Amino acid sequence: MVQLDDTGIIRATGARRPYVIAKAAMSLDGRIATAGGESRWITGTEARLTGHELRRRADAIVVGAGTVIADDPALTARENGEVSHPLRVVLDSTARTSPGAAAFSRDGRGAVLATTAAAPETRLARFKERGVETLVLPADARGRLRLDELLPALHARGVATALVEGGGETLGAFHDADLIDEIWLFLAPIVIGGGRAAIHGAGAATLADAQRFAFDPPKTLGADVLFRGVRRERA
Ligand SMILES: NC(=O)c1ccc[n+]([C@@H]2O[C@H](COP(=O)([O-])OP(=O)(O)OC[C@H]3O[C@@H](n4cnc5c(N)ncnc54)[C@H](OP(=O)(O)O)[C@@H]3O)[C@@H](O)[C@H]2O)c1
């Protein structure tokens with residue numbers, strides 16, 4: 001089980017960081033989008049409503065640049081007719097997304113562009129003009145911002161729970177870094193084939209190395225099924 005302190009925050013590598021929930025809406029063959037990037041809507045209304053409930057519980061929603069470019073999601077939480085705007089965090093190492101994207105609206109808790117020193121100052125200035133906080137973080141060997149630097153920075157901004165919504169590369173990076181505390185997988189009765197894997201990245205080298213989650217009994221949501229699991233400590 002995760003080791004929660006009295007504020008519900010787990011301690012990772014000595015640094016305090018948010019509790020990380022990963023979420024994906026996927027086909028039975030583990031795809032979150034077609035090869036052409038179409039993903040709306042894989043799951044039905046009930047699953048999507050549950051996804052909105054989950055967003056309301058999160059202090060921040062994290063997505064990758066690929067999702068912002070492909071879908072331009074607003075990342076709002078809607079429940080009983082009410083719309084709320086959690087903090088939105090976009091992972092974009094070179095600031096290649098558009099500052100006009102819906103995720104960067106000033107509503108509610110606003111937005112953070114998580115980036116690296118490779119992002120041109122002129123690009124960052126455009127985000128700042130829009131009221132977006134630019135968070136320049138160290139890069140990894142591939143030039144991507146380091147998640148182990150991102151999470152303590154979010155924690156310092158009052159984020160106790162971060163919901164990582166994708167896409168596949170982003171979920172894969174969190175998975176490879178062993179940073180997923182809880183996972184919500186919504187499975188739709190559709191087979192897409194090809195397409196985009198829900199959790200990209202290197203993945204487990206062997207089955208014995210696979211990250212284990214303790215899953216609740218599956219929950220039926222209309223035609224879809226939700227698998228919710230909490231990370232189990234490695235033996
Ligand atoms: N069904 C669902 O639940 C769901 C949810 C979300 C998205 N989607 C679909 O997923 C597709 C997009 O997924 P995607 O995998 O192409 O893109 P993604 O995960 O949304 O974004 C990946 C990009 O994020 C940036 N990034 C920055 N730091 C990173 C880090 N540490 N690790 C990983 N990425 C980092 C990278 O761009 P830079 O190198 O430029 O920084 C990378 O190319 C779309 O088709 C969308 O519709 C489906």
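Which exposed residues does the face of α1 turned away from its buried side carry? Keep that in mind while you load the model, which is a predicted one.

**Whole chain**

Start with everything shown as a cartoon. The protein has five helices and 14 strands. Its radius of gyration is 17 Å, close to the 18 Å that the globule rule gives for 235 residues, so the protein is as compact as a globular protein of that length. Along the principal axes, the C-alpha atoms fill a box of roughly 50 × 40 × 35 Å. Colour by burial next: 40% of the 235 residues are buried. Then draw the contacts. Of those with a separation of 6 or more, 68% join residues 24 or more positions apart.

**Helix α1**

Select residues 45–57. This is α1, with 13 residues. From first C-alpha to last, α1 reaches 19 Å, close to the 18 Å expected at 1.5 Å a residue. Now show side chains for Ala-47, Thr-50, Gly-51, Leu-54 and Arg-55, which are buried. Why do they lie on the same side of α1? They cover an arc of only 150 degrees around the axis. Turn the view to the face away from the buried side. There sit Thr-45 and Glu-53, both exposed, which settles the opening question.

**Ala-77**

Move to strand β4, residues 77–79, and pick Ala-77. Is Ala-77 buried or exposed? It has 21 C-beta neighbours inside 10 Å, and therefore counts as buried. Leaving aside residues up to four places away in sequence, Ala-77 touches His-52, Arg-55, Arg-56, Ser-84 and Pro-86. Arg-55 is one of the buried residues of α1. Ala-77 and Gly-229 are 152 residues apart in sequence and 22 Å apart in space, C-alpha to C-alpha.

Last, colour the shell by residue type.

Technical notes:
Residues are numbered from 1 along each chain as its sequence is written. This is a predicted model: local features need pLDDT of at least 70, side-chain atom pairs count only at pLDDT 80 or more; totals for chains, interfaces and linings use all residues. Helices (H or I, at least four residues) and strands (E, at least two) are DSSP runs, numbered from the N terminus. The expected span of a helix is 1.5 Å times one less than its number of residues. A residue is buried if 20 or more other C-beta atoms lie within 10 Å of its own, exposed if 12 or fewer, and partly exposed in between; C-beta atoms are placed from the backbone. The arc is that of the directions from the helix axis to the C-beta atoms. The radius of gyration is taken over C-alpha atoms; the globule rule is 2.2 Å times the number of residues to the power 0.38. Two residues are in contact if their C-beta atoms, placed from the backbone, lie within 7 Å.
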